[in-house]
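Here is a short walk through one protein structure. Keep the sequence and the 3D view side by side as you read.

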Amino acid sequence: MTIDVDHEDAVLRTFILFVQTAQVVLKYADAYLHRKARLSVSKLVVLKALASNGAMMPSKIAEWTNTERHNITALVNRMKQDGLVTTERSSSDKRLVNITLTDKGREALNRVMPVAKEIVDHVMLSIDEGDAALLEKLLRVLRQNAYQSLEHIAKVEKP
């Protein structure tokens, strides 16, 4: 069920719509991926990051996915139990761990990508190339503004 916000401020109304949309798209993608491929969006994103970048440390995956490091650690532990990734301590610094995609993880990624494409096709059904380009441009601006605001908060909160 969709709930439209009736507010005279168009920017606020649009922001609330954006947040609602992001949440429902993620919820839909998770449900569809789980039903069709028994995989979560979070696992898909980590698999894709590892496939694109090779071995990565948890902090780099957290940075790449904009996720808290402790959440990545828990997710990687589950993925390791599923046989999708392996972890290996650095020989030069035992505190550092490299995460690597396994053959099973690569197979899972190859199996799930057509399902991810179905999700994109469903969500973006009535969005043409021009609208997609404009939406991408606007989303990049929103993301940049949010990153800058986060950096500002981090600087202000440091003692």
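**Salt bridges, core and surface**

Lys-60 and Glu-63 form a salt bridge, with their closest N and O atoms 3.7 Å apart. The model is a predicted one. Lys-60 and Glu-63 sit three residues apart in helix 3, so about one helical turn separates them. Lys-60 is partly exposed at 41% relative accessibility. Glu-63 is exposed, at 56%.

A search of the whole structure finds five salt bridges. Another one joins Arg-140 to Glu-136, at 2.8 Å between the closest N and O atoms. These two are four residues apart in helix 6, again about one helical turn. Arg-140 counts as partly exposed at 46%, and Glu-136 does too at 41%.

Now take Asp-82 and Lys-43, whose side chains meet in a salt bridge of 2.7 Å, N to O. This pair links distant parts of the chain, 39 residues apart: Asp-82 is in the loop between helix 4 and strand 1, and Lys-43 is in helix 2. Asp-82 is partly exposed at 33% relative accessibility. Lys-43 is buried, at 15%.

The largest nonpolar core has 28 residues, and Leu-47, Leu-50 and Val-112 touch the most other members. Elements that each supply at least two core residues include helix 1, helix 2 and strand 2. Leu-47 has contacts that include Leu-39, Met-79, Leu-101 and Leu-109.

The surface has a nonpolar patch as well, with about 910 Å² of accessible area together. Helix 1, helix 5 and helix 6 each give two or more residues to the patch. Helix 1 provides the largest share, five residues. Leu-142, one of the patch residues, lies in helix 6. Leu-142 is partly exposed, at 40% relative accessible area.

Methods:
Residues are numbered from 1 along each chain as its sequence is written. This is a predicted model: local features need pLDDT of at least 70, side-chain atom pairs count only at pLDDT 80 or more; totals for chains, interfaces and linings use all residues. Side-chain values use heavy atoms; hydrogens and water are left out. A nonpolar core is a set of buried Ala, Val, Leu, Ile, Met, Phe, Trp, Tyr and Cys residues joined through side-chain atoms within 4.5 Å. Buried means under 20% relative accessible area, exposed over 50%, partly exposed in between (1.4 Å probe, protein chains only). Contact means heavy atoms within 4.5 Å. Patches are made of residues with over 30% relative accessible area and no salt bridge: like charges are joined within 9 Å, nonpolar side chains (Val, Leu, Ile, Met, Phe, Trp, Tyr) within 5 Å. Accessible areas come from the Shrake-Rupley method with a 1.4 Å probe; for residues, only the protein chains shown count as cover. A salt bridge is a side-chain nitrogen of Lys or Arg within 4 Å of a carboxyl oxygen of Asp or Glu. Lists of a residue's contacts leave out its neighbours within four places in sequence.
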